[in-house]
Each structure stands twice: as structure tokens, then as C-alpha cells.
Amino acid sequence: NSNKADVLIIGAGQAGGEVASSLRQQGFEGSITLLGDEAYLPYRRPPLSKTFLSGEATLESLLIKTQAVYEKNRIDCQLGIGVETLDRAAHEVRLYDGTSIAYGKLVLATGGRPRRLSLPGADHPNVHYVRTIDDILRLKAQFTEGKRLAIIGGGYIGLEAAAVGIKKGLNVTVIEAMPRVLARVAAPEVSTFYERVHRARGVDVRTGVGVHALEGDALVDAVVLADGTRIATDVVIVGIGLIPNTELAESSGLEISNGIVVDLQTRTSDPDIYAVGDCTQHRNAFYDNSMRLESVPNAMEQARVAAAAILGKPAEYSAVPWFWSDQYDLKLQMVGLSQGYDQLAVRGDMNGESFAVFYLRDGVVISADAVNRPQEFMVAKKLVADRAKIDAAQLTDESVVLKTLLQPAA
Ligand code: FAD
């Protein structure tokens, strides 16, 4: 362990780990230190609410690379200790254990933390959040057959946890304050589909009603809804969104706006500091706009751009966002940003369990959601990236092979 790194990366998550690996792949020869406050090497979070919670995936299988690979690549991983302060003038960070590390270039890959429920009882030991391996180890111990599980929040994490709960024989209730599940991320038709699927498998889905109180002394034993309904429970999961970890950046005077503001090269307002992943409000050349995303493909692609930028190579971030979610035997894949669509083209039967939904604006495919259609999803990604203008009737006609709608490469 050295007290100076040519590149120092704060946050050993999906994005931070990829910056380190990518720097070596792209030929960086200097010293690299990867610092993380969790006790684990960089790992995949998506299985946390899916196969790791269900017990199908082991902890080891979550790790992106083994210790030996980091050693071989001369990446110094310092884990289980957080960075407390950043001194930009001195080019130095101080850790919670009092030691300091100087840097040439700094990468902030600090991710985010779950938004907490601000109600009395929210800190009881049977109230869970779903972000880290340690969160799931605690939750798993209470995730047993016959238990009553109340999930607050009908977003992806809540719905994935509900699916695992059903699989493990729990009695599951999902409580969503908005009028529909997935309200912030999917079209109403897709929300309706998921509400139907979850109800059909036994989940009690309650929408349009908030949580008024948590009851119970040492443990929460009931969730009281705003309409007075009392839902008796043994285990509570709260999945109500993420707060980006921007404090280090903010207290050192970097520009913040719902995330650490970075340009097309992932550079912050300080030329020696980059930021990547869930913690960033980043520019995207494809949209000529800025946004904050919470997804693995975004974390990975930004990490590669940051590594290139540190090496002085021309690279800019222009990826079309995509995401996936696994619930029961349904594989949902989404691409693009659907905001502002004026037409919806449904391919397949939304009353069944295999279809694709295309969002169009002025006839251009801007986004798509595919359920159990991985091959058509690959085509959908290209259509969105090409800004393809396509007649909705062609998209909905299943006798038209989707691939034939792709424009031949110029
Ligand atoms: P993180 O992976 O959160 O890593 C940041 C790390 O930095 C953390 O370990 C944090 O503890 C550490 N850190 C923060 N501050 C400090 C500090 N001061 N000092 C030291 N270390 C610090 N995405 C998909 O695309 N598909 C999915 O299906 C999907 N499912 C998901 C399911 C769950 C349950 C969760 C939680 C996320 C899911 N995501 C999914 C989102 C995806 O995991 C994130 O977008 C991705 O992990 C972001 O990577 P990151 O490196 O930016 O942040």
C-alpha cells in the first residue's frame, strides 16, 4: 500500500472497478489504487435482488474479478475503509483511519445509498434496504417460508424482491404511493402488465396509497397505510430510490446538480478529477443533454470513457441507455428514454408473457421495452441508436421479421 497513486479511484463498485481494469487494458502504466468502504472486491449488484436473495447465486459468483486478477494488473485494492475528506489543492484524500493518500488524477465512483424512510420504527432490525451484499445477508436470514413481507416501493428493486419472496413461499404485499408500479420508468401499459403478473402469482399489490406509520416496539409488526389499512408484517423492505453519494465532491466545491456534474469525457469541474456511475449527472452526446442514470451498462461505459480520457485518448460518452430486470420467469429489457413519446406500438400480446413495446416520437423509435424477446431487443437497440423512422404498423406486424426493418449500414 502506497501513499501516492497516479490514479486514485474512490468507490470499489461496478464503475470504479471497471475504471481500474480499463486503464490497464488501454495501456496505462502508472500506479492505480482502488479504495472502497465495503469489505468486498467490486461485485455485481443486479443479482442482489434476484438470484443472490433467492439463494441461487453464491457470494463468490458476484465478484467481477478475483483478487489474483487485480494483483496481476497491479491494481492496489484497499477495502473496508472510506474516504472522509478530499483536499483538491493538496491533491490528497484523507481516510477515516487517519491516513492520507495523494493522487495525480482522482476518480469519484461513489455510487449512491438507499433513500431512507423517515418514520418512527424505520430503524428496527426487520426493516431492510437492498443495496449491498451485507444488506442481503441480513435480509436473507429473515426471508423464510410463511413470513409476511411488506415491500414499500413498487420500483424494480421492490418488484424483484416480491418475485423472490413468492418463490420462497412468503406472503407478499407491495405498497406503492404512485397510482401504478414502475411509474417513473415505464409506460402505463407496462405497469399494468406487471401489476397483473404479480397479482396472478399471489402478490397483494396496493397502488396509489402511501405509508402512514410503522407499528411495533422492537420490531415492526404492521405497516399502516394512509387510508387506514393495517398490514400485519414480519419483514419490511424499503425500496424508494437512491441518493447519489456526492458529499465528498460537494464539500470540496465541485459542481453538483442531482449528482456530480461531468462533461462528455466524464471530467468534473476540476480537470484532475473524474466521476463515473450512479453518482454522476453526466452529459450524453447521443441526446446532447445531461442526465443521471442508475444502471450497469452506464457505469461500465462511463468507466471506459474515463480511462480513455485519463490516457488523453479521444473518447466521449454517447451511449444509448439500457437496463434489464428479472422477475419470475420474465426477462424485461429496456432501451432508450421514452419520455415525450407520442405513439406506442405493441408487438405481441401484452396479456401473454412475451411482447415488445416500441415508443415513437414523430415516427422515430426512441425507446423499447421487451419482455422475453432477447433477439428482438437486440434489433430494438439498433433501431433506437439509428433513430430509425418506422411505420408503427410494421413494428406491430409479427409476420414482418424485425431485423428486416434495420437500415443497411452506410
Ligand atoms: P456502486 O456499485 O454503488 O459502487 C459505489 C461504491 O463506492 C460502493 O461500494 C460504496 O460503498 C463506495 N463508496 C461510496 N462512498 C465512498 C467513500 N467515501 N469512500 C470509499 N468508498 C465509498 N442495474 C442494471 O443495469 N440492471 C439491473 O438489473 C440492476 N439491478 C439492481 C439491483 C439492485 C438490488 C441494485 C442495488 C442495483 C441494481 N442495478 C441494476 C443498478 C446497478 O447495480 C448500479 O447502477 C451500479 O452498481 C452502479 O455502479 P457504481 O459503481 O456507480 O456504484
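Helices (H or I, at least four residues) and strands (E, at least two) are DSSP runs, numbered from the N terminus. Helix 5 comprises residues 133-140, and Ile133, Asp135, Ile136 and Leu139 are its buried residues. Viewed down the axis of helix 5, these buried residues fall within an arc of 155 degrees, so they line one face of the helix; the arc is that of the directions from the helix axis to the C-beta atoms.

The structure is a predicted model, in which local features need pLDDT of at least 70 and side-chain atom pairs count only at pLDDT 80 or more, while totals for chains, interfaces and linings use all residues. Residues are numbered from 1 along each chain as its sequence is written, and side-chain values use heavy atoms, with hydrogens and water left out. The average pLDDT of the chain (the predictor's confidence in each residue, from 0 to 100) is 96, and 99% of the residues score at least 70. For the complex, the predictor gives an ipTM of 0.99 and a pTM of 0.97.

Helix 10 also shows a one-sided arrangement of buried residues. This helix, residues 374-385, has 12 residues and reaches 17 Å from its first C-alpha to its last, close to the 16 Å expected at 1.5 Å a residue; the expected span is 1.5 Å times one less than the number of residues. Glu376, Phe377, Val379, Ala380, Leu383 and Val384 are the buried residues of helix 10. Seen down the axis of helix 10, they fall within an arc of 160 degrees, so they line one face of the helix. They pack against strand 21 (322-327), strand 22 (330-336), strand 23 (343-349), strand 24 (354-361), strand 25 (364-371) and helix 11 (392-396).

The loops on either side of helix 10 were examined next. Most residues other than glycine have a negative phi. Asn372, in the loop between strand 25 and helix 10, has a positive phi near 50 degrees. Asn372 is partly exposed, with a relative accessible area of 27%. Just after helix 10, Arg387 takes a positive phi of about 50 degrees, although Arg387 is not a glycine. Arg387 lies in the loop between helix 10 and helix 11 and is partly exposed, its relative accessible area being 45%.

Helix 9 is mostly covered, with 12 of its 15 residues buried. Among them are Pro297, Asn298, Gln302, Val305 and Ala308. From first C-alpha to last, helix 9 reaches 21 Å, close to the 21 Å expected at 1.5 Å a residue. Helix 1 (residues 14-25) packs with helix 9 (residues 296-310) at an angle of about 40 degrees, their axes being 8 Å apart. Axes are lines fitted to C-alpha atoms, for helices over the stretch in contact, and angles run from 0 to 180 degrees between N-to-C directions. The contact, defined by heavy atoms within 4.5 Å, is made by Gln14, Ala15, Glu18, Val19, Ser22 and Leu23 of helix 1 and by Val296, Ala299, Met300, Ala303, Arg304, Ala306, Ala307 and Ile310 of helix 9.

Glu29 is placed in the loop between helix 1 and strand 2 (32-36). At 61% relative accessibility, Glu29 counts as exposed. Not counting residues up to four places away in sequence, Glu29 touches Arg24 and Arg74. The C-alpha atoms of Glu29 and Leu311 are separated by 9.9 Å, with the two residues 282 residues apart along the chain.

Two buried residues were considered in turn. Ile151 lies in strand 9 (residues 148-152) and counts as buried at 0% relative accessibility. Residues touched by Ile151, not counting those up to four places away in sequence, are Gly158, Ala161, Ala162, Val172, Thr173, Val174, Ile175 and Ile237. Val220 lies in the loop between strand 12 (211-215) and strand 13 (222-225), yet Val220 is buried, with a relative accessible area of 1%. With residues up to four places away in sequence not counted, Val220 touches Gly121, His124, Asn126, Val127, Leu214, Glu215, Thr233, Asp234 and Val236.

Key:
Buried means under 20% relative accessible area, exposed over 50%, partly exposed in between (1.4 Å probe, protein chains only).
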